[in-house]
Amino acid sequence: MSCLFCRIVAGEVPATKVYEDDALVAFRDIAPAAPFHVLIVPREHISTLNDFEPAHDALVGRMVRTAAALAKEHGYHERGYRTVFNCNREAGQSVYHVHLHVLAGRSLAWPPG
Ligand code: AMP
């Protein structure tokens, strides 16, 4: 299995997991860009945002609602947080297993760099 996030999902590569269920795993980003920075990934290997299909609608909804739930659990839901899907090269995607970033704990500039 060559995909890094598939290997994290399978437990073959260590990660600090903060949530998991039958469809998703969420873990701390190894190079956090904010005091709170987690990645929410589907257990299913899906390369990019472009590869979601209608059959994934419930999965996408779970990813987004899990982001909100984690932000709330960690105390950031009222202060604010950011969710990001980077898709392909110009957006800076570096791991080709779709993931939702959840960032919080500092003021986040807009527009992003
Ligand atoms: P992206 O650039 O949107 O594809 O995001 C990939 C993210 O994965 C980056 O923020 C990396 O810091 C993070 N990352 C890479 N390797 C690991 C790892 N082994 N464990 C946790 N996060 C990782």
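## A strand covered on both sides

Let's start with strand β5, where both faces are covered: L100, V102 and A104 point to one side, H101 and L103 to the other, and all of them are buried. Keep in mind that you're looking at a predicted model.

How many of the five residues of β5 are buried? Five of the five, so this strand, residues 100-104, is largely enclosed by the rest of the structure.

## The neighbours of β5

Which strands pair with β5? One is β3, made of residues 36-42, and five bridges join it to β5. The two strands run antiparallel. If you'd like to spot this pairing in the picture, look for I40, whose bridge partner in β5 is L100.

Another is β4, residues 81-84, which pairs with β5 over four bridges, again in the antiparallel sense. Here you can look for T83: its bridge partner in β5 is V102.

## Around the ligand

Now for the ligand. It has 16 residues around it, and the ones that come nearest are D29, N86, S94, H99 and H101.

Let's zoom in on some atoms. An oxygen atom of the ligand sits 2.7 Å from a polar backbone atom of S94. G92 also uses its backbone, with an N or O atom 2.9 Å from a ligand oxygen. With H99 it's the side chain that takes part: one of its polar atoms lies 2.9 Å from an oxygen atom of the ligand. How much of the ligand does the protein bury? On its own the ligand exposes 510 Å², and the protein buries 83% of that.

Which elements give two or more residues to the shell around the ligand? They are α1 (4-9) and β2 (24-28). Of these, α1 gives the most, with three residues. Sorted by class, the shell is made up of eight nonpolar, six polar and two charged residues.

Finally, take a look at C3 and C6. C6 is in no disulfide either, as its nearest cysteine sulfur is that of C3, 3.8 Å away. The count for the structure comes to zero disulfides.

Are these cysteines buried or exposed? C3 is buried, with a relative accessible area of 14%, and C6 is buried with a relative accessible area of 14%.

Technical notes:
Residues numbered from 1 in each chain as written. Predicted model: local features only at pLDDT ≥ 70, side-chain atom pairs only at ≥ 80, totals over all residues. Heavy atoms only, no water. Disulfide = S-S within 2.5 Å. Buried < 20%, exposed > 50% of the residue type's maximum accessible area, 1.4 Å probe, protein only. Near = heavy atom within 4 Å. Polar contact = N/O pair within 3.5 Å; in protein donor to acceptor, adjacent residues only side chain to side chain. Areas by Shrake-Rupley, 256 points an atom, 1.4 Å probe, with all protein chains shown as cover. Nonpolar A, V, L, I, M, F, W, Y, C, P; charged D, E, K, R; others polar. Pairing = 2+ DSSP bridges.
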